[in-house]
Amino acid sequence: MKHTILAAGAVLALSSGFTAQAADAEKPQFLSDWWHQSVNVVGSYHTRFGPALRNDTYLEYEAFAKKDWFDFYGYVDAPRFFGGDGDSRGIWNHGSPLFTEIEPRFSIDKLTNSDLSVGPFKEWYFANNYIYDMGRNEAGRQSTWYMGLGTDVETGLPIGLNLNIYAKYQWQNYGASNENEWDGYRFKIKYFVPITDVWGGHLSYIGFTNFDWGSDLGDDQYRTSNSIASSHVLGLNYDHWHYSVVARYFHNGGQWNDGDQPVWQAEPIKSNGFGWYLVAGYNF
């Protein structure tokens, strides 16, 4: 949940240019040849998007595609589907029944039938990142739309790299003061590095980092105007199965100010530090 970027989707979405030569006559069978999808079980430990640490295990549907002018990554989670710690809430215990994030990008080059490449910046996109937490009521609901410009970068190496910069419009945000306004910016970097073939699968490193700044939320007690979430994924991928370990570093996770002591919480906020994920999934 919350920007996990699971290995199977990220590998193929970022490395389409490197996998074409690996095709052979024995292609695995999937429901679609361009809409790639999987179902995953995700265990999370010490994630830091709220004022308290969260541990839970949840069910996830994930999809990605790159076809003509359309580039897409997204997922839908059922929080705490398989359980969690005593403080976490989800689908079965009066918490949020659904959390989703989608990242559609639309190629400006292809839509305008133009070559807009400049140096290493080989293609340009109208980039979006939309996040929705259904919640059980208004206080538990989030709706955020990042919109801006994206590009794929030619590195000259077997490395996939894309960059996106957005302005943010904040609708609902768990009752915070920055609702229904333009509120800050995000820079997102994603990269994919193939490592080696091992145990009959493909081992890869995938990374992405969100830099958020310029938010009015920093005017509120316990909150900040900036945050960083940096994820580092080691993934082992087969035709249908994939497994990954994810380390994510948070700085002011969820724009909460590390070390502050909210009156409603027994311990200080722990919004700086690492969270961890273990993932197993099936591509279909």
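This is a predicted model: local features need pLDDT of at least 70, side-chain atom pairs count only at pLDDT 80 or more; totals for chains, interfaces and linings use all residues.
By the ring-pairing rule used here, the count comes to 25 aromatic pairs. One of them joins Y191 and Y205 in a tilted arrangement, with 5.8 Å centre to centre and 50 degrees between the planes.

Where do Y191 and Y205 lie? Y191 belongs to strand β9 (residues 181–198) and Y205 to strand β10, so their contact ties together parts that are 14 residues apart in sequence. As for Y205, its relative accessibility is 25%, which makes this residue partly exposed.

## An aromatic cluster

Elsewhere, you can look for one aromatic cluster formed by W34, W35, W69, F70, F72, F106 and F126.

## Charges over rings

Two arginines are worth a look if you are interested in charges over rings. R105 has its charged end over the ring of Y125, 3.8 Å from the ring's centre. R186 lies over the face of Y146, and here the distance to the ring centre is 4.1 Å.

## A nonpolar patch on the surface

Which residues form the nonpolar patch on the surface? They are L149, I165, Y185, F211 and W213, and together they have about 470 Å² of accessible area.

F211, a member of this patch, is found in strand β10, which covers residues 201–213. Its relative accessibility is 34%, so F211 counts as partly exposed; patch members need over 30%.

Notes:
Residues are numbered from 1 along each chain as its sequence is written. Side-chain values use heavy atoms; hydrogens and water are left out. Patches are made of residues with over 30% relative accessible area and no salt bridge: like charges are joined within 9 Å, nonpolar side chains (Val, Leu, Ile, Met, Phe, Trp, Tyr) within 5 Å. Accessible areas come from the Shrake-Rupley method with a 1.4 Å probe; for residues, only the protein chains shown count as cover. A salt bridge is a side-chain nitrogen of Lys or Arg within 4 Å of a carboxyl oxygen of Asp or Glu. Helices (H or I, at least four residues) and strands (E, at least two) are DSSP runs, numbered from the N terminus. Buried means under 20% relative accessible area, exposed over 50%, partly exposed in between (1.4 Å probe, protein chains only). Rings of Phe, Tyr and Trp (its six-membered ring) pair if their centres lie within 6.5 Å; planes under 30 degrees apart count as stacked, over 60 as edge-to-face and the rest as tilted. A charge sits over a ring if NZ of Lys or CZ of Arg is within 6 Å of the ring centre and within 35 degrees of the ring normal.
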